[in-house]
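Please look over the sequence and the structure below.

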Amino acid sequence: MGKFWRDGRGHRPRLQKESSACSAAVAGFVEAGSNTPPRRQIGFFQGLEKGVGGFSKAWKIALVLLLAVLPASAQVRVVKGGSAKATIDWSRLVAGGAATEFKRVLEDDLIHSGWFTPAAPGGAEFSLVGSAQESGALNATIQFASVTQRQWLLSKQYTAEGGAARRLAHKVADEILAAIGRKGMFSGRIVMIGTRSGAKELYVSDMDGGNLSQITSDHNICLGPHWAPDGNRITYTAFLKRYPDVYLIDLASRSRRVVASYPGMNSGGAVSPDGGMVALILSKEGYQALYVRALGGGVPMRLTDGSRAALASPCWSPDGSHIVYVSDQASTAHPQLYMISRSGGAPRRLTSRGSQNVAPCWGANGLIAYASLQGRFQICVMDPNTLDSKMITPGDADYEDPSWASDGRHIVCSRTAGYRSRIYLLDTLGDPPVALSEVSGDWYSPSVTAK
Amino acid sequence: MQSKRWMMMLAMGLVCVAAVSGCKKKTAGSGSDGGIGGVTGADLNGSGLGGRPDLNATEMAGQFVPVYFDYDSAQVKESERAKVEAVAEHIKKASGVGVIVEGHCDERGSREYNLSLGERRAQGVRAYLMTLGVDAARIQTKSMGKEKPVALGHDEESWAKNRRAEFVLFK
């Protein structure tokens, strides 16, 4: 964990240009399958080191010095240099008719993954060849190869029902990423609040913002949607019975049931990683406290002591042993992040920089993303073991409500500028933020599921 | 006068500390439902909420003036106390009437934290109503967070109007 912010000495990503002929496509390459050596899954820390490891320490210091002397406008350009990428040639990926959407989504995913940049034939390190047609069903043949290693990495035929081109493209993107030892995120989905209809409703989209579908039609206030770990259900807070209550909505059936409707405020509604428990912020006793309870019902167990504080936004650690949450117990003006064992005990304060630190999301990579008010809200990423934290947004707008993508590299959040909110994809390795929602209305409070 | 108040606050503080530390073993992860009533200050004083009013109950809004708050504060200011006192007088006289204290926030900051801050504002007003002798069971709290602003501007003038607690009577 402590390695996170250290200078990585991981080996440099394959960026060397090989001039050797890849014009002869991938003929003669070793067929993948069982011959391919098992590829180590590269986690976030290693991934990060790998990503920035190419910079030597001296270079980094030089960069810092450069930043100190450059005018602000120039700084932005340097910071936006982005992460190291491998070149990929997809000029011989062909798709006709309705299958062009498959091709477009797949290529966009590979770019958004942060690991690839498209290149012309002849100089690319990777080659993506294939065809996709849609006639009733979508049929795609995909051959992905490492040109530099002269090796097939993926050779597969796919079939999907008509209209499922986007989902199939996301699946193929994740399989291509897995073939180079990277975890993909494109099979995931985002739940968010949108105001397109004029009211605040829940919507679900693919990871690239496409496939947007409206889930609720309540004409009500709703807050804080969060996925249950099964990826089939969503908890959120709504005022359907005039008070803030926590609901659980089943995506397939759209049926909904009350999770918590105690007197006073019911919020939080974070389902534990094992799916059995729910963390709640309740005020039924006349003060706010963090509780855990079986998701199905039962008596809530209070974890925090009674205090005159506002508590919010509980989120479980990936192993389910702890909960990070927001409390302004130290000062009413300044909500901060605290962490507590799922069985109670003394909370530990995690944040001190920034006048407000809110909306924590504890990723499967062990890191906590949160929004920190430093002039404007910015997204920071913290290692809860060392409390080291790093701001990953460029400061040009308010970035809030971060949620980790399943690749452990990207974060989905809302970005507000000029009183308009949209969903953005952030890269912890330095690629610039990407807008995911182009639809009119405000879009905010995103939460990501891996499935 | 001033020093007397400070002495009171100090004494209350000491009671809080003693009570909390005495309770700690019992409260932390004991699995018990319910609170450590009566130990951490006036607004936590044996004050669990009663059941919510029936959805068909008659609600009367707008009869009393809202209480306004400073930025990121849940403190009922000296200047706002007469408003709460007027509500207390009314409820104590009217039988079968309860009050929902509805807390609101300005547009700045996290939505979920603002929901909780609005609840804190409602709780602050509830605590003051209780010190004025209103039965705790007759006071509900409700937060709308920053979701129901009355002023839509993006300036301090609007924000000040939105940081409020409204009174809704129910019967």
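## Helix packing in chain B

A helix axis here is a line fitted to the C-alpha atoms over the stretch in contact, and the angle between two axes is taken between their N-to-C directions. The model is predicted. In it, helix α2 (residues 81-93) of chain B packs against helix α3 (residues 111-131) of chain B. The angle is about 60°, and the axes are 10 Å apart. Angles of 65 to 115 degrees would count as roughly perpendicular, and those under 35 degrees as roughly parallel. The angle therefore makes α2(B) oblique to α3(B).

The crossing of α2(B) and α3(B) is right-handed. Which residues make the contact? From α2(B) come R81(B), V84(B), E85(B), V87(B) and A88(B). From α3(B) come V125(B), Y128(B) and L129(B). Six residues of this contact are nonpolar, two are charged and none is polar.

## Helix packing in chain A

Now turn to the other chain. Helix α4 (residues 100-112) of chain A crosses helix α5 (residues 165-179) of chain A at roughly 40°. Their axes come within 8 Å. That angle makes α4(A) oblique to α5(A). The crossing of α4(A) past α5(A) is right-handed.

On the α4(A) side, the contact is made by E101(A), F102(A), V105(A), L106(A), D109(A) and L110(A). On the α5(A) side, the residues include A165(A), R166(A), L168(A) and A169(A). H170(A), V172(A), A173(A) and I176(A) also belong to the α5(A) side. How do the residues of this contact divide? There are 10 nonpolar residues, one polar and three charged.

## Chain B as a whole

Chain B has four helices and five strands. Along the sequence they follow the pattern α-β-β-α-β-α-β-α-β.

Chain B has 171 residues, and 49% of them count as buried. Take the contacts between residues at least 6 apart in sequence: in chain B, 75% of these join residues at least 24 apart. The accessible surface of chain B is about 8,200 Å². Carbon and sulfur atoms hold 58% of that surface.

## Chain A as a whole

How many helices and strands does chain A have? The count is five helices and 30 strands.

Chain A has 451 residues, and 54% of them count as buried. Among its contacts between residues at least 6 apart in sequence, 45% join residues at least 24 apart. The accessible surface of chain A comes to about 17,500 Å², with 53% belonging to carbon and sulfur atoms.

Key:
Residues are numbered from 1 along each chain as its sequence is written. Chains are lettered from A and ligands numbered from 1 in the order in which they are written. This is a predicted model: local features need pLDDT of at least 70, side-chain atom pairs count only at pLDDT 80 or more; totals for chains, interfaces and linings use all residues. Side-chain values use heavy atoms; hydrogens and water are left out. Axes are lines fitted to C-alpha atoms, for helices over the stretch in contact, and angles run from 0 to 180 degrees between N-to-C directions. Helices (H or I, at least four residues) and strands (E, at least two) are DSSP runs, numbered from the N terminus. Angles under 35 degrees count as roughly parallel, over 145 as roughly antiparallel, 65 to 115 as roughly perpendicular and the rest as oblique. A crossing is left-handed if the near helix is turned anticlockwise from the far one by less than a right angle, and right-handed if clockwise. Contact means heavy atoms within 4.5 Å. Ala, Val, Leu, Ile, Met, Phe, Trp, Tyr, Cys and Pro count as nonpolar, Asp, Glu, Lys and Arg as charged, and the others, Gly among them, as polar. Buried means under 20% relative accessible area, exposed over 50%, partly exposed in between (1.4 Å probe, protein chains only). Accessible areas come from the Shrake-Rupley method with a 1.4 Å probe; for residues, only the protein chains shown count as cover.
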